[in-house]
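Have a look at the model first.

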Amino acid sequence: MKAFMPTGDFERAVILRDVPEPDPAPDCAVVEVEAYSVNRGETFQLEKPATGWRPGKDVAGTVIRSAADGSGPEVGARVVAHPPAAGWAERVAVQTSQLAKLPEGVDPIVAAALPLAGLSALRLLRAAGQLAGRRVLMTGASGGVGHYFTELAAAGGAEVTAVTASPERGARLEELGADHIVHDVADAEGPFDVVLESVGGDSLQQALCKLRPRGTLIWFGQASRSAPTIDFFRFWEGPTSGTIRHFDYTDSDVPDGRDLATLVSYVSKGRLHPEIGLVANWLETPDVLNTLRTRGVRGNAVLTRTGV
Ligand SMILES: NC(=O)c1ccc[n+]([C@@H]2O[C@H](COP(=O)([O-])OP(=O)(O)OC[C@H]3O[C@@H](n4cnc5c(N)ncnc54)[C@H](OP(=O)(O)O)[C@@H]3O)[C@@H](O)[C@H]2O)c1
């Protein structure tokens, strides 16, 4: 079968090659991939690919072989899945605990945009705690995680301020419930109960200064690739005290499959609207990765093997 392999080359990070068919463990189903999405974190991994690793964590498709241990969906079921790797391919083996059946009417292209960004947003909500009536600041909000988090947090009663590069990058966030869109962290009007920071560089320190006393900054990424510096004495430009909390979406007491089922049910009930800024044929994956890297995607980018 065909699958994308890493090249280690920055400009053309993946190449389509022939690889062996998946060899599923007993608790794994084999999924015929219809669509997948690509994530910023994967672009980072592609810069220094581990030996034998193939990219691909977010897929939607059809089960063509059910798990030998009897767990999970039957052959023919349409699913969304979050394998740890190897999903940018014709077929992939996925543990049945990392997939969920698609409700009637949920398109695989839409479902493929959900796993990593959606799971992260859902778990960021849990990490943030009760948000009704709370003021939330989110940097790097125009990406995949930002759109999901904003819609869910706003629906939960939070007052969300989103930081995006331009009005165009913030337009959909406003429709999804963001109360304020700013294009520079410095312009965000605090104080905020919770700050979600994923840009890095000076963004973290600036956002930290917007926190209310004893508020929480959840640090979950570094999209700019620039490490933040924190000046203890600048802290007093903001709160007298606060918590900086590291976040990793894989640290979850809820299995991926259950959270994926929640996300697709939200989509099916019209409570979550994936923002898919780019859909392309899977053969265009190398170009789409470059577009994502250079901030050319609003929300998620999805590659399809069947359409476009
Ligand atoms: N800790 C975890 O478990 C976890 C889980 C998922 C994602 N992440 C990380 O969280 C961040 C957001 O994830 P995502 O999937 O939403 O990423 P994404 O879709 O690429 O969105 C990142 C956003 O950051 C903004 N940004 C600001 N400065 C940037 C710069 N110099 N370079 C690139 N982007 C910049 C961009 O918005 P504008 O162009 O509008 O400024 C972009 O839309 C990423 O860094 C990702 O690696 C962490």
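A backbone N or O atom of valine 145 sits 2.9 Å from an oxygen atom of the ligand, a polar contact, meaning here a pair of N or O atoms within 3.5 Å. Before going further: this is a predicted model, where local features need pLDDT of at least 70, side-chain atom pairs count only at pLDDT 80 or more, and totals for chains, interfaces and linings use all residues. Residues are numbered from 1 along each chain as its sequence is written, and side-chain values use heavy atoms, with hydrogens and water left out.

An N or O atom in the side chain of arginine 169 is 3.1 Å from a ligand oxygen, while a polar backbone atom of phenylalanine 247 lies 2.9 Å from a ligand nitrogen. On its own the ligand has 890 Å² of accessible area, and the protein covers 88% of that (Shrake-Rupley method, 1.4 Å probe).

Now zoom out to the shell. The ligand is surrounded by 25 residues, the closest being Arg40, Ser142, Ala165, Phe220 and Tyr249; a residue counts if one of its heavy atoms lies within 4 Å. Three helices, α1 (40-47), α3 (115-128) and α4 (144-155), supply at least two shell residues each, and α1 gives the most, with 3. Helices here are DSSP runs of H or I with at least four residues, and strands are E runs of at least two, numbered from the N terminus. Domain 1 (2-114 + 274-304) and domain 2 (119-246) both give residues to the shell, so the ligand lies between them; the bounds come from an automatic or database domain assignment.

Two backbone details are left. Most residues other than glycine have a negative phi, and most peptide bonds are trans. Alanine 86, in the loop between β5 (78-81) and β6 (91-95), has a positive phi near 75°. Glycine 190 and proline 191 are joined by a cis peptide bond, with omega about 0°, and proline 191 is in the loop between β10 (180-182) and β11 (192-197).

Notes: Polar contact = N/O pair within 3.5 Å; in protein donor to acceptor, adjacent residues only side chain to side chain.
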